[in-house]
Amino acid sequence: MPEPRYPTLAELTSSARALAVRRPGLCGMRQVGVSRAGRPLHLLSVGHARRAVLVVAGAHANEPTGGPTLLALAERVLRERRLRTGRSWHFLVCADPDGASLHRTPAPRSLLEYHLGFFRPAGPEQPEWSPAALPPDRLPPETLALTGVIDELRPYLQVSLHGTDLGGSWVQLTRDIPGLAAPFARSAARLRIPVETGASDAAGWPVSGPGVHVMPGPGAGAAYPSMPDDARSSTWYRTHRYGGLTAVVEVPMWASDLVDDGAPHPDPPEALRQLARRLLGDARMVEEVHREALPRLGGPEGPLLRAARWGLDLVPGLASDWTHTAPADTTRAYVSSVDAFARRLPLRAAAMLLRVLRENDDRAAPRLEHLVRMWSASFADQFHARWVPLPHQVEHQSRTVVAAALHARGRAA
């Protein structure tokens, strides 16, 4: 059988609407906002209890598993009455429809194919993260739609469906959910998905179990001082106004057992210094192509170029953090996670810049394509990448969301 592909946003929306039509007494679907380009944002609701779970898909355009997971969850909630007992479920079909229109890898067979259609907006343009980078009067309409839904529903649990290109699965919590770590680990083991025990995204955070990271409270030192944003300013923390919490559930497209190796690394500081040097060198090669081609491109800077530029601007600070700050973790898993991070930044910038150069038939495109091909192959080879079947990605993410909903203890609205 051919591998199932990731559905388009139009297909996701159509499927969600079909659910609402099929069970009109139990389901409803409505528009809750529009994007900057005028695309609608839709909310599918199942059940009528005041105590609510909000599930958000599509916050990052390059993380496509969330859409099919959202549909699978809605179907499961309709089938299983126990999941609707005492709670209603609400599904934001796609938090960033404009981004979804630009990321174009419905059925990637390799990391190269994934990157040839890659798009991920600059941080200030990401719906969940814009409050950490912009003043309230400049927030994009997608963010305002999401915060409006949170304020209306006052969910005891918000779940944001995220993913990673290559690595393992992990969960980030704004407050601990006791009892979540065990079902999360069982699900990952049964589906042969590694648990990312040293995720660089959660460097230095407390853990409530392998791969389940709890965001530190105010005043905690940052593992990467140069990073310009703070999760406590994101939409993830909006639920705290109402006694709720947020769980961010990450699942990989390609798995690597290197991110699940809890053995001590022989020399983490030196390893991170080497990764910093490689990151600077790789970014420099992309910068050179960008500087050469930019005068020929003309016109206003579009979202692809803005995103590439934003990623490259992070590089010097991160390289300095890894060189001069003590490692937040000393395991092989953590060093591998930082290694993956160091590969992603220049590769993603190169991939998005390549798309712009190709659209303009620019003579620098072949040089950049060589880098994207070389780095994609190196990433896959170094991490022994193996594809996680899409049904397994969806099943693991769905199981984790259900476990979080059953174990979370937020106040009723």
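**View 1. Arg51 sits in the loop between strand E2 (40-46) and strand E3 (52-56).** Everything in these views comes from a predicted model. At 22% relative accessibility, Arg51 is partly exposed, because buried is kept for residues under 20%. Look for the ring of Tyr156 here: Arg51 lies over its face, 3.7 Å from the ring centre.

**View 2. Strand E4 (residues 88-92) is mostly covered.** How many of the 5 residues of E4 are buried? The count is 5 of 5. In a regular strand, side chains alternate between the two faces of the sheet. Here, Ser88, His90 and Leu92 point one way from E4, while Trp89 and Phe91 point the other way. E4 pairs with E2 in the antiparallel sense, over 4 bridges, and in that pairing Val46 has Trp89 of E4 as its bridge partner. With E3, E4 runs parallel, and 5 bridges join the two. Ala52 has Ser88 of E4 as its bridge partner.

**View 3. Ser160 is tucked into strand E5 (residues 157-167), and it is buried.** Its relative accessible area is 0%. The side chain of Ser160 makes a polar contact with the side chain of His162, at 2.8 Å. Leaving aside residues up to four places away in sequence, Ser160 touches Val56, Ala59, Glu128, Trp236, Ala247, Val248 and Val249.

**View 4. Tyr114 and Trp254 make one of the aromatic pairs.** The structure holds 8 aromatic pairs. For Tyr114 and Trp254, the ring centres are 6.3 Å apart and the planes are at 70 degrees, so this pair is edge-to-face. Tyr114 comes from helix H5 (residues 111-116) and Trp254 from strand E9 (residues 245-255), so the pair ties together parts that are 140 residues apart in sequence. Are these two buried or exposed? Both Tyr114 and Trp254 are buried. They also belong to one aromatic cluster with Phe118 and Trp387.

**View 5. Strand E6 (residues 170-173) has buried side chains pointing both ways.** Trp170 and Gln172 go one way, Val171 and Leu173 the other. What does E6 pair with? It pairs with E9 in the antiparallel sense over 4 bridges, and Trp170 stands opposite Glu250 of E9. With E8, the pairing is parallel over 3 bridges, and Val171 has Val212 as its bridge partner there.

**View 6. Helix H7 (residues 181-190) has several buried residues: Ala181, Pro183, Phe184, Ser187 and Ala188.** In an α-helix, residues three or four places apart point the same way because there are 3.6 residues a turn. The cover over the buried residues of H7 includes E6, strand E7 (207-209), E8 and H12. Just after H7, Arg192 takes a positive phi of about 60 degrees.

**View 7. The largest nonpolar core has 59 residues.** Tyr224, Leu318, Trp322, Leu357 and Leu368 have the most contacts inside this core. Elements giving it two or more residues include H5, E9, helix H8 (268-297) and helix H12 (390-407). Which helix gives the most to this core? That is H10, with 16 residues. Apart from this core lies another, of 49 residues, including Ala20, Leu70, Ile177 and Leu245. To find Leu357, look for its contacts beyond four places in sequence: Val289, Ala293, Leu297, Asp362, Ala364, Ala365 and Leu368.

Key:
Residues numbered from 1 in each chain as written. Predicted model: local features only at pLDDT ≥ 70, side-chain atom pairs only at ≥ 80, totals over all residues. Heavy atoms only, no water. Phe/Tyr/Trp six-rings, centres within 6.5 Å; stacked < 30°, edge-to-face > 60°. Buried < 20%, exposed > 50% of the residue type's maximum accessible area, 1.4 Å probe, protein only. Lys NZ or Arg CZ within 6 Å of the ring centre and 35° of its normal. Polar contact = N/O pair within 3.5 Å; in protein donor to acceptor, adjacent residues only side chain to side chain. Contact = heavy atoms within 4.5 Å. Pairing = 2+ DSSP bridges. Core = buried A, V, L, I, M, F, W, Y, C linked by side-chain atoms within 4.5 Å.
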